[in-house]
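I opened this notebook to keep track of what I looked up, in the order in which I looked.

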Amino acid sequence: FDLEDSEQLNALNRDPRNFREWCLFSGADPDKDLVVMIDEIQNLQDPSGFLEWASKIDPPIKLILAGSTSLSARPFSNHLPEHVKIFNLLPLDFDEFLLFKGYGDLCSLKSDACRLQSSDGKARIDLKKIISVQPQMQVLFEEFVLYGGFPAVVQAGSKSEKLERLKSLTDIFEFKGVNILFNVARFDAFRSFFRMMAGCAGELLNINAISKTLRIGRDTVQR
């Protein structure tokens, strides 16, 4: 179920006691164990209550739930049944980035070169093992640092397609995550604030100057 779909969202919000029947109505086989995947679980009015009730269904239903970072702002995260296990899905690291793009040989070579241990116990890189592929590795690493490790972005072929997908991710972050977490009223000011933060990373932050530049309150900047 995708809870961006208003019909499915309304069905689950209406009465969780009918959840099994709703699954059967949607095409589930009543003679088999039910494994249900629900995306955007944070859109439910009461995610915690839904989970607590779903854990009592007999015969049991296995649930695979996915949600955005805004999930942490909902009471769902503080009232989980003890038999729920949470997995945090992170972007690809560089090794996974190489594997994702089909460079398994480079990934193995890199891992082998980084296994060298010095007498002080710190890891060292054996440059001799990667010198022949260093130019190719550098190009790939620059791509990884510039565009990041989101799978959809890594899969994109051209620069323009990568930028388009990054823009889409930024829009999702703004309109879904940030709005739920901070109840942002002026997205134009937030976008400008976001760009300013990216441009002065590692520098001292002048809250008063930002407040005057963006014409928003000092308290809003701090929040």
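Entry one. I note here that the model I am reading is a predicted one.

Entry two. Moving out from that pair, I looked up the strands and saw that E1 and strand E2, residues 61-66, run parallel and are joined by six bridges. I then followed the path between them and recorded that E1, H3 and E2 make a β-α-β unit, which is right-handed.

Entry three. I went back to Ile38 and asked which residues touch the most other members of the largest nonpolar core. Another core lies apart from it and holds 13 residues, including Phe94, Cys107, Met137 and Leu140. As background I wrote down that nonpolar side chains in soluble globular proteins tend to be buried together.

Entry four. Last, I looked up the chain as a whole, and I counted 11 helices and two strands in the protein chain, which follows the pattern α-α-β-α-β-α-α-α-α-α-α-α-α along the sequence. The chain has 223 residues, of which 28% count as buried, and it exposes about 15,400 Å², with carbon and sulfur atoms supplying 55% of that area. Of the contacts between residues at least 6 apart in sequence, 55% join residues at least 24 apart.

Definitions and conventions: Residues are numbered from 1 along each chain as its sequence is written. This is a predicted model: local features need pLDDT of at least 70, side-chain atom pairs count only at pLDDT 80 or more; totals for chains, interfaces and linings use all residues. Side-chain values use heavy atoms; hydrogens and water are left out. A nonpolar core is a set of buried Ala, Val, Leu, Ile, Met, Phe, Trp, Tyr and Cys residues joined through side-chain atoms within 4.5 Å. Buried means under 20% relative accessible area, exposed over 50%, partly exposed in between (1.4 Å probe, protein chains only). Helices (H or I, at least four residues) and strands (E, at least two) are DSSP runs, numbered from the N terminus. Contact means heavy atoms within 4.5 Å. Accessible areas come from the Shrake-Rupley method with a 1.4 Å probe; for residues, only the protein chains shown count as cover. Two strands pair if DSSP finds at least two bridges between them. A crossover is right-handed if, with the strands pointing away from the viewer, the path from the first strand over the helix to the second runs clockwise.
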